[in-house]
Amino acid sequence: MKLVKLFGLIALLCVVSLFTAGIATALDEWVYVDLESFVNSKLVKHQWWTKQPGDSTLSRLPIGEVGEFEGPDGKVEFQIIDGAIVLFGTNAAIWPKAVNDIVVGGKAKFVYFFHATGWEQNGVPSYKFVMHYRTGKKEELEMISGFNSDDWCHDDAALQDDNSVWGWVKKEGGPCGHAGLVTTKWENPRPDDWIETIDAVSLELGSVPVIPAITLGEATLAVDPVEKLAITWGSLKKPSGL
């Protein structure tokens, strides 16, 4: 009987701990969004904008690794694979107009996008990211050349957005002999609402977006406190020695 009461007390403490500390106890500094199933262009030995064999500055990225890149307020980690999401632009109309339902399934204070474009459409939005939440809400981030995005070969151009910087620049490779990618930090206005998916959407202008990576900052893809409680209670009920 005393043992049952002890288990009950421990379970109660778990409830209090989980719901008072909440999800903050499970926060990870970086969580990498898995793009493996969504990329539609290779980076190595390919022109990412044509799908044809050839050289590309982006092949100099640390393929197959997690790299540290410049961000607007410090280093940002991105997981780099041999692939990127490429979207439609009138200069390369072979690409899809949207890549939808990129799986996130977690909470995040920030979302970091690693991106650029081939060609550009200055001063107006040419693509956007749409965040879909578990509650059915959504938020959008519009990308504008010269503000928070730019042509990948314009790596020496200033960006007006305080939350966007050239995160990676390499002075070699085709077709320009140099190129870069922009790191854009987006502060989630709904940090306590789960982001289920992200859509990458072309606005069908001249710019051809390329998106090699997305990272969540101060995030968790773990389970809710209620689910954690179920796991903990299940382990508590297991008799010792089994």
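## Basis

The model is predicted, so local features need pLDDT of at least 70 and side-chain atom pairs count only at pLDDT 80 or more, while totals for chains, interfaces and linings use all residues. Residues are numbered from 1 along each chain as its sequence is written, and side-chain values use heavy atoms, with hydrogens and water left out.

## Disulfide

A disulfide is taken as a pair of cysteine sulfur atoms within 2.5 Å. By this rule there is one disulfide. Cys153 and Cys176 form it, with their sulfur atoms 1.9 Å apart. The torsion about their S-S bond is about 80 degrees, so the disulfide is right-handed. Cys153 lies in the loop between strand S7 (138-144) and strand S8 (164-170), and Cys176 in the loop between S8 and strand S9 (179-187), so the pair ties together parts that are 23 residues apart in sequence. Strands (E, at least two residues) are DSSP runs, numbered from the N terminus.

Burial is assigned from relative accessible area: buried is under 20%, exposed over 50%, and partly exposed in between (1.4 Å probe, protein chains only). Cys153 has 11% relative accessibility and counts as buried, whereas Cys176, at 34%, counts as partly exposed.

## Strand S6 and its partners

Strand S6 covers residues 125-133, and seven of its nine residues are buried. Two strands pair if DSSP finds at least two bridges between them. S6 and S7 run antiparallel and are joined by seven bridges; Phe129 has Leu141 in S7 as its bridge partner. The two strands form a hairpin with four residues between them, and Gly136 in the turn has a positive phi of about 95 degrees.

S6 is also joined by seven bridges to strand S10 (residues 195-202), again in an antiparallel arrangement. Here the bridge partner of Lys128 is Val201.

## Asp150

Asp150 is placed in the loop between S7 and S8. Asp150 is buried yet has no salt bridge, and the nearest side chain of opposite charge, Lys171, is 12 Å away. For charge, Lys and Arg count as positive and Asp and Glu as negative; His and the chain ends are not counted. A salt bridge requires a side-chain nitrogen of Lys or Arg within 4 Å of a carboxyl oxygen of Asp or Glu.

With neighbours within four places in sequence left aside, Asp150 is in contact (heavy atoms within 4.5 Å) with Ala116, Thr117, Glu120, Ser145, Ala157, Leu159 and Trp166.

## Aromatic pairs

Rings of Phe, Tyr and Trp (its six-membered ring) pair if their centres lie within 6.5 Å; planes under 30 degrees apart count as stacked, over 60 as edge-to-face and the rest as tilted. The count by this rule is 10 aromatic pairs. The rings of Trp48 and Trp49 have centres 5.6 Å apart and planes at 80 degrees, so this pair is edge-to-face. Trp48 is buried at 0% relative accessible area, and Trp49 is buried at 12%.

Trp48 also forms an edge-to-face pair with Trp152, at 5.2 Å centre to centre and 75 degrees between the planes. This pair links distant parts of the chain: Trp48 is in the loop between strand S1 (28-32) and strand S2 (65-71), and Trp152 is in the loop between S7 and S8, 104 residues apart. Trp152 counts as buried at 4% relative accessibility. Elsewhere, ring pairs link Trp30, Phe110 and Tyr112 into a cluster.
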